[in-house]
Amino acid sequence: MLVAITDQNERFVICSSTPKAIYKKIREERTFFCPQCKQPVQFKIGSVKIPHFSHLSNNDCDLRFSEGESEAHLLGKQQLYELFQSLQLNVELESYLPFIKQRPDLLVKTSKDNTFAIEFQCSTISKEKYLYRSKGYLDNNIIPIWIPYTPEVKYFESGITKISLNEQLRQFIQTTKTQLFLITYHPYKKQFVYFSNLLHVKDNRYITRVQTLDLNQQLFPFYLPKKLTKLEFKQYFKTYVDTKKQFLKYRLHFSRKGVNDLFLRSLYELRLTLSSLPNFIGVPLRGNESMKGFAVEWQAALFYFMQLSGSVYGSIEKQDILHFLKWAGIDQSDRTIATVHEYCNLIKKLSIHHVQDSVDDGQLIDVLYDQFLALNNGN
Ligand SMILES: [Zn+2]
């Protein structure tokens with residue numbers, strides 16, 4: 001904790017600008033208490049962590065709020081608090097909200113009477129807890145903003161790259177009208193690291209544009225990353241196609257079920273080979289994340305399905321989509337239905353009437369770029 005109540009009943013906040021020597025002196029003159037449980041707390045001024053308060057023994061309070069607060073968490077919380085102060089905003093550190101029994105790292109009130117709870121998340125939080133706490137804020141007109149600790153130092157290179165986001169990080173992905181992005185913070189670098197314009201590839205893998213922003217450059221509301229330009233999207237597309245090629249090579253060697261392998265069967269029935277696969281099979285769509293496997297697998301299967309059912313390519317009714325999903329062993333949900341529908345629209349837009357048709361890469365990129373920027377599927 002960075003906040004305690006003094007024996008004179010004053011709120012005491014530890015800040016980064018005060019030298020340790022001064023804090024040591026204050027420690028001799030005052031006693032401190034936990035703002036929540038009112039139990040005495042220790043003012044720790046050591047060489048490892050930054051000065052902070054800590055309960056004398058493990059108690060309920062620690063379990064509920066601090067959860068073994070790390071150095072990174074203390075430091076980040078303090079830096080963000082000081083950022084909001086420098087932006088002249090009304091900010092409270094570790095304020096306890098009795099009506100929901102929660103203590104956000106920071107509570108920020110803007111001039112427009114909006115209240116934000118800022119959580120700098122360094123430890124793992126379960127999905128249930130994350131949703132529960134977010135709901136607690138939202139039910140009380142407080143907008144939660146979760147900022148996870150930047151995952152790995154190697155991402156500090158700005159630019160377009162592939163990254164891996166585990167389930168923990170994926171839950172903090174935010175949405176704007178034109179993109180999905182993740183804001184992270186690195187207290188030792190004093191930098192925000194943005195993973196913007198996220199494009200799902202497969203499993204945990206994404207293509208993203210990495211951007212860093214120094215703490216003292218940040219504003220509030222937080223900087224929003226710009227949408228991808230067409231030129232950048234071409235780079236995304238190239239990265240995606242390279243990944244697809246690698247995947248196909250791997251897939252050829254590790255066929256899962258031999259002749260029952262739906263993907264290989266689809267290619268065979270469509271008279272395609274892995275090397276003669278048209279560019280429009282295995283394309284990045286936002287909804288791909290909800291489907292099973294790599295996009296190239298279900299998209300090839302859909303062509304095979306349309307051939308089997310004698311449908312006009314791309315003109316497929318909802319009933320057929322449901323049938324396809326079941327046949328391909330993919331969950332039937334609003335998102336998967338919308339994703340297949342989206343792919344059908346793409347086929348129509350590109351005037352594909354036969355799987356052997358060819359489409360110019362430039363034309364394909366144009367259509368995919370428009371779809372990439374259009375918010376869909378509620379993701
Ligand atoms: Zn306490």
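Me: What makes Cys-34, Cys-37, His-55 and Cys-61 donors of the zinc ion?
Reply: Donors are N, O and S atoms within 2.8 Å of the metal (3.2 Å for Na, K and Ca), and sites may look incomplete because water is not among the atoms. Here Cys-34 (SG), Cys-37 (SG), His-55 (NE2) and Cys-61 (SG) sit at 2.1 to 2.3 Å, coordinating the zinc ion. This is a predicted model, where local features need pLDDT of at least 70, side-chain atom pairs need 80 or more, and totals for chains, interfaces and linings use all residues. Residues are numbered from 1 along each chain as its sequence is written, and side-chain values use heavy atoms, leaving out hydrogens and water.

Me: Why is the arrangement around the zinc ion called tetrahedral?
Reply: Four donors count as tetrahedral if all angles lie between 85 and 135 degrees. The 4 donor atoms subtend angles of 101 to 117°, so the arrangement is tetrahedral.

Me: How do you know whether His-55 is buried or exposed?
Reply: Buried means under 20% relative accessible area, exposed over 50%, and partly exposed in between (1.4 Å probe, protein chains only). His-55 has 6% relative accessibility, so His-55 counts as buried. Cys-61, at 5%, is buried too.

Me: Why is the aromatic pair of Phe-32 and Phe-53 called tilted?
Reply: Rings of Phe, Tyr and Trp (its six-membered ring) pair if their centres lie within 6.5 Å; planes under 30 degrees apart are stacked, over 60 edge-to-face, and the rest tilted. Phe-32 and Phe-53 are 5.0 Å apart, centre to centre, with 45° between the planes, making this pair tilted. Both Phe-32 and Phe-53 are buried.

Note on methods: Tetrahedral: all angles 85-135°; square planar, octahedral: opposite > 155°, others 65-115°.
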